[in-house]
Amino acid sequence: MLLCLQYSKEEEARFLSHLDLMMAMERAFRRAGLPLAFSEGFNPHPRIAYASALAVGVTSEGEYLDLQLREELPPEVVLERVSKVLPRGLRVKAVVPVTKRKQSLMAVINLARYRVEVPIVQDYDQEIEKELLLQEVIDQEVIDRVIAQAIAFPVYLVQRQGKKGIREVNIRPGIRELTGQIRGRKLILEMAVQTGSSGNVKPEEVVKMVRARSPWQLGENLRIHRLGLYIYADTQVWLPLERS
Amino acid sequence: MEQWKQVLEEEILPKVMKPLRYQGNEYNAVKKDWKAVKLRSLFAFPDVYEVGMSHLGLQILYGLVNEQADYLLERVFAPWTDLEEELRSRGIPLFSLESVKPIAAFDCLGFTLQYEMSYTNILNMLDLGGIPLLAKERGDDYPVIMAGGPCAYNPEPLVDFIDFFVLGEGEEVILEIYQIMAEHRALRQGKQDKKQLLKELAQVNGVYVPAFYEALYDEKGKFAGMKVKEPGVAPRVAKRVVKDLDQAYFPLRPIVPYLEVVHDRMMLEVLRGCTRGCRFCQAGVLYRPVRERSKDLLVQQAEQLSKNTGHNEISLTSLSTSDYTCVEPLLREVLNRFEGRNIGVSLPSLRVDSFSVNLAKEVQRVRKTGLTFAPEAGTQRLRDVINKNVTEEKMLEVAEAVFSEGWTQLKLYFMLGLPTETLVDLEGIAELAAKVLAKGREILREKGSKQAPKITVSVSSFVPKPHTAFQWEAQDSLALLQEKQKYLRSKIKEKRITYNYHDAELSFMEAVFAKGDRRLGQVLLAAWRLGCRFDGWSEYFCYEKWQEAFRQVGIVPEQIANVPLEFTTPLPWDHLDSGVKKEFLWQEREKAYQITTTGDCRFAACSVCGVCQDLDVAVSLKKGE
């Protein structure tokens, strides 16, 4: 049977690479004693298919994988057994059987939401002392204007390293939503961007776009958190679990 | 959160290589409440995480100590150079993985001494932790620092830095040591009186406190023996040894690294010790006698390990697993149980015989890897000298079996610079490799295989080690070792034979620190100040810096490594007792020069090495159970 698992990669696991995460998941499924299905061939590996890879340092509260089992098991039993044996920082949040979906997660997921914390290294106007509350209102107006201007252009080109050297990609059409807030010494950006085989926008690239127009000097140490992965279809945004 | 921790989390870890090396969030890692325990200790591995986490001894002690309610044991590894740079430039102390506490905050630190070339990392780690390097400069407020492992059998080069050493098998003695340390602190409101504590510890069998001994030198400055200077301290310290491996503690919930480490698998320790009696081999002496673990217990442990780790491979570890008297039934049972779960089995060490090839064939049911054998020397004469019980016929029999069973690659280990070696022996290495290759070609041709066989010849340089029959031998001079490496290269003509050899300069330094006395502490300090660290890693080993360090201190390393010793020469490790008598070792040395072999006491008569008699242990084989 095929199950779809929703899981999170939290603070304590944020430095896992995708490869580390795959190994950690396989080991957890083995500890849980699940009847894993294996691929054929000389070096069989468990049939686990991931929706999307998360980079080292990036956390997420909405990741997905498809897990093939040799025997039928109620999803809630799988959830319970796996939850008991996951390492710190990894958590399975939901398990549903895959009944309708014929394609892989990777093929259907096309939208990702992120929250990115960007440190503010230097204020744009340090000379005027303002009341804190008032400052926040002003900051909000400024950041709203910066974002509005940035997305007003239909084109924002970024350079990407491809197999045949560097190529330029217009990421602007892939940015579906973008908002910003100032919280203390941080700019918090929330965004919904295209992901998957149809085109991929990296949150770092969106930060770059904002950075170019920001009156604040923004730092380099980003904290990127994925809020979720979604299927945009039939003019609606779906959770992968809803279309499994 | 303290500010440095925040900087570490947010600025440093995201930019260093493999930040998972420095986080203790792995499955089965134990995080204890500091306030709830009586003793806070730290296992310090003087190499990088991936090496340290492959070490079974770490898992044994970590599990054993953390299962005690009153103690905690955390981990620290040598930080890679990128993290070191960050820590130094920001003044952040080296920290433990589990609780991210500065290493100086612990009550005691224990370093494991697996190989000599990790010594500078010990100094570097102490320094990064803000702990004075010299034991005599560390007051009562600093953690007490101990060390154990194979190099503790001649720890003299480290005595300036380490408060006490533990000889032998740690699981046998560690809780005694901890109890003394915990009680000592309990009586003093959580503080220690270091001198008094060391006096108490010196009463424990297996504990060596170097400050209570004085090294004597003759008028020429040669080492002349060791004198006890503290009343009530034993003149000799003997190793501790587990009597019954079935009763010994074994960790069934080992830490499962997130990061890929060198040995990423479950480790089943099938036996301890090896009495094949190779005369160059230190482990063969230190871990005597042979003690096997019962097959049924091993199978049980495998089941639990599998449940608790989720690893997909089981390694049957020991110094020589094909010698385990129940290896076939064990292998059969483990394979049958785990094959359906796609869990493979691996054998790390193979004896040169077709029995071992059959075992290897069995385990390849799941995964196929290359095979490695160690004939060690190129001629029968020299193999008899070193007591390596391998003949050319056996080697070719093995080659036949290996290639018949479908392998096309074979790796052969040899040692160069062994006592009595001549050019004929070097030529013998090339000839043996060529014969094995020819056998491979013959077999593969008969099978109609399109693949050509490939042989790798890997050659290390002989390092005379304390407590072996060759402890009195001189190592070949550096120039001669390098000359021999070149000569061997000229003798290997086949394209299908890959020849590689170890850095002779590294082997030279290894011999110096294996055999050296207390005066080498000054050299270590000088070398570390010159920037030496990770010397076991060829990309960091810098021979010129070591030469400079020896010059600065005024010690001639050649006088340590390249000079033969007499039976009567006082050795810096004479006061440290592996249980094997010096007379036995000398007799073995004599037999080497007479080209006479000695049988394995498991199968032949007792060779009276002394370990069973002196340490009240016995060879324990499980056959016939």
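Chain A is divided by its domain assignment into domain 1 (2-108) and domain 2 (111-243); such bounds come from an automatic or database domain assignment. This is a predicted model, in which local features need pLDDT of at least 70 and side-chain atom pairs count only at pLDDT 80 or more, while totals for chains, interfaces and linings use all residues. Residues are numbered from 1 along each chain as its sequence is written, and chains are lettered from A and ligands numbered from 1 in the order in which they are written.

Let us stay with the two domains for a moment. Their centres, taken over C-alpha atoms, are separated by 29 Å. Where they meet, 20 residues of domain 1 of chain A are in contact with 13 residues of domain 2 of chain A, a contact being a pair of residues whose C-beta atoms, placed from the backbone, lie within 7 Å. On the domain 1 side, E1, E3, E4 and helix H3 (105-108) of chain A each supply at least two residues. E3(A) gives the most to that side, with 6 residues. By class, the domain 1 side that touches domain 2 of chain A has 11 nonpolar, 5 polar and 4 charged residues. Here Ala, Val, Leu, Ile, Met, Phe, Trp, Tyr, Cys and Pro count as nonpolar, Asp, Glu, Lys and Arg as charged, and the others, Gly among them, as polar.

Stepping back, chain A holds 5 helices and 12 strands, where helices (H or I, at least four residues) and strands (E, at least two) are DSSP runs numbered from the N terminus. The C-alpha trace of chain A spans about 65 × 40 × 35 Å along its principal axes. Of the 244 residues in chain A, 33% are buried. A residue is buried if 20 or more other C-beta atoms lie within 10 Å of its own, exposed if 12 or fewer, and partly exposed in between, with C-beta atoms placed from the backbone. Among the contacts in chain A with a separation of 6 or more, 72% are between residues 24 or more positions apart.

Now for the partner chain. The contact between the chains takes 18 residues from chain A and 20 residues from chain B. On the chain A side, these residues divide into 8 nonpolar, 4 polar and 6 charged.

Lys295(B), Leu298(B), Ala302(B), Leu305(B), Ser306(B) and Thr309(B) are buried in H9(B). They cover an arc of only 100° around the axis, which puts them on the same side of H9(B); the arc is that of the directions from the helix axis to the C-beta atoms. An α-helix has 3.6 residues a turn, so residues three or four places apart point the same way. The cover over the buried residues of H9(B) includes helix H1 (18-31) of chain A, along with strand E10 (266-269), strand E13 (313-317) and helix H10 (327-338) of chain B. Just after H9(B), Gly310(B) takes a positive phi of about 80°.

Chain B also has an open sheet of 6 strands, in the order E2-E1-E3-E4-E5-E6, with mixed pairing. Its edge strands are E2 and strand E6 (207-208) of chain B, each pairing on one side only. Strand E1 (residues 39-45) of chain B has 6 of its 7 residues buried, so it is largely enclosed by the rest of the structure. E1(B) runs parallel to strand E2 (residues 71-77) of chain B, joined by 7 bridges, and the bridge partner of Ala44(B) in E2(B) is Val76(B). E1(B) is also parallel to strand E3 (residues 108-112) of chain B, with 4 bridges.

Definitions and conventions
Two residues are in contact if their C-beta atoms, placed from the backbone, lie within 7 Å. Two strands pair if DSSP finds at least two bridges between them.
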